[in-house]
Amino acid sequence: MEDRKLIVSPSPHILSKHSTTRNIMLMVVIALLPTLAAAAIIFGWEVLLLTGVTVAACVGFETLYCVIMKKKVPVGDFSAVVTGLILAFNLPPSFPLWMAVIGAFVAIVIVKQLFGGIGFNFANPALVGRIVLQLSFTGRMITYIYPQSWSGVDALATATPMYALHNGPLPLMDLLLGTHAGVLGETCALTLIIGGAFLIATKVISPVIPLTYVGGVFAFKFLLGLAGGAAASASALSALSSILAGGLLLGAFFMATDYTTSPYTRSGKFVYGLLLAIVTTAIREWAGMVEGVSYALLLCNLLVPYINELSRQRPMGVGRGKRKGAA
C-alpha cells in the first residue's frame with residue numbers, strides 16, 4: 001500500500017498545478033499596474049521612485065530577515081512585491097522615502113515574518129504598515145498635492161475628496177479619472193475597477209467580499225442620506241461619490257481579499273464584507289476621521305478566525321452542539 005502523508009499547511013492552499021502562489025501574486029501585480037501608471041501620469045515620475053523604494057525595501061527586508069534566521073528566502077513568490085506595491089498605494093506622492101522604508105520594515109518584518117511568514121500574518125502587512133505610518137508621521141501622511149501642482153519643490157497640503165464630500169457630492173468624472181488630491185492608490189477609481197474586475201475574471205479573488213463591501217457602503221450611505229431628508233437622487237449621487245472617493249475600492253479589491261486575512265467560506269465572506277461596510281460607514285459618518293477603510297479592515301481582520309469558526313460547514317449528521325466533539 002502506498003505510503004501517503006497528510007500535509008497540514010497554512011493558506012493559501014493550492015488546488016491546481018498552475019495556480020501557484022507565485023502566479024497568483026503575479027496576477028495581483030498585473031492588476032495593480034494600471035493604477036500605478038495612472039498615478040505616474042497624474043502626479044509625475046516621482047511616483048515610480050516612491051513605489052520602487054517601497055517594493056525594494058519589502059523584498060530586501062524579507063531577504064535579510066530570512067538569511068539572518070537561516071530560513072528559506074521566499075521572495076520568489078512575489079508576495080513581498082505585492083506588499084510593497086499596496087503600501088506605496090497608501091502613501092501620498094510627496095511622502096519621504098526614508099519614512100516609506102520604515103513602513104516596509106513594519107509590514108514585512110514585524111507583521112509578516114515575526115508571525116511565521118506568508119499564511120501566518122494576523123492582518124494585511126501593508127495595511128498595518130500604513131496605519132503605523134499614519135500614527136507616526138501624521139503630518140506627512142496628510143500632505144497631499146494637486147495633480148497639476150507637482151513640481152518637486154513645494155507640496156501643497158490640500159483637502160482630499162473625502163473631506164470635500166462633507167459639503168456635497170463631487171463630479172464623478174474627476175473621481176473616476178483621479179484628477180484630485182490623494183494617495184497613489186485612491187485617486188483613479190477607473191483603473192482600480194479595471195484591476196479588480198481582472199482579478200475576479202481570472203478567479204484570483206472571489207467577488208463576494210468586494211461586492212458586499214462596496215454594495216453595503218453604497219446602501220448604508222444612501223439610506224443615511226434619505227434619513228437626513230435628502231432626495232433619492234441626491235442620496236444616490238452622494239453614495240456613489242463615497243464609493244469612488246477615498247480608499248474604498250483599493251481596500252475592497254486588493255486588501256480585503258487577502259487570502260490569509262479573509263474568511264474561506266462563502267457565508268463568511270458575505271458576513272466579512274458586510275461588517276467592513278458597517279464599520280467603514282460608521283467611522284466615516286460619526287468618528288473624528290473622514291476615511292475609515294484602514295481601521296475597518298484591521299478590526300475585521302482580527303475577527304476573521306471567529307467568522308471562520310462560526311461559518312464553517314458542519315459534518316453531515318452532526319448537530320451544532322456536537323461539532324467540536326466530532327472534530
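K112 and E62 form a salt bridge, with their closest N and O atoms 2.6 Å apart; the term covers a side-chain nitrogen of Lys or Arg within 4 Å of a carboxyl oxygen of Asp or Glu. The model is predicted: local features need pLDDT of at least 70, side-chain atom pairs count only at pLDDT 80 or more, and totals for chains, interfaces and linings use all residues. Residues are numbered from 1 along each chain as its sequence is written, and side-chain values use heavy atoms, with hydrogens and water left out.

**Confidence**
- The average pLDDT of the chain is 85, and 82% of the residues score at least 70; pLDDT is the predictor's confidence in each residue, from 0 to 100.
- Residues 149-155 have pLDDT below 50, and this stretch has 10 contacts in the model beyond near neighbours in sequence (contact: heavy atoms within 4.5 Å).
- Where pLDDT is low, the predicted coordinates should not be read in detail.

**Salt bridges**
- The whole structure has 2 salt bridges.
- K112 lies in helix 4 and E62 in helix 2, 50 residues apart; helices are DSSP runs (H or I, at least four residues), numbered from the N terminus.
- K112 and E62 are both buried (buried is under 20% relative accessible area, exposed over 50%, partly exposed in between, with a 1.4 Å probe and protein chains only).
- E285 and K221 form a salt bridge at 2.7 Å, N to O, linking helix 13 (residues 266-286) to helix 10 across 64 residues.
- E285 is partly exposed, at 31% relative accessibility.

**Helix 2**
- Helix 2 (residues 46-68) has 23 residues and spans 33 Å from first to last C-alpha, close to the 33 Å expected at 1.5 Å a residue; the expected span is 1.5 Å times one less than the number of residues.
- Its buried residues include V47, L50, T54, C58 and Y65.
- Among the elements covering the buried residues of helix 2 are helix 1 (21-43), helix 3 (79-89) and helix 4.

**Aromatic pairs**
- There are 4 aromatic pairs in the structure (ring centres of Phe, Tyr and Trp, its six-membered ring, within 6.5 Å; planes under 30 degrees apart are stacked, over 60 edge-to-face, the rest tilted).
- W98 and F137 pair edge-to-face, 5.6 Å centre to centre with 80° between the planes.
- W98 is exposed at 53% relative accessibility, whereas F137 is buried at 18%.
- F218 and F222 are stacked, because their ring centres are 6.3 Å apart and their planes at 0°.
- F218 and F222 are 4 residues apart in helix 10 (residues 208-227), about one helical turn.

Conventions. Helices (H or I, at least four residues) and strands (E, at least two) are DSSP runs, numbered from the N terminus.
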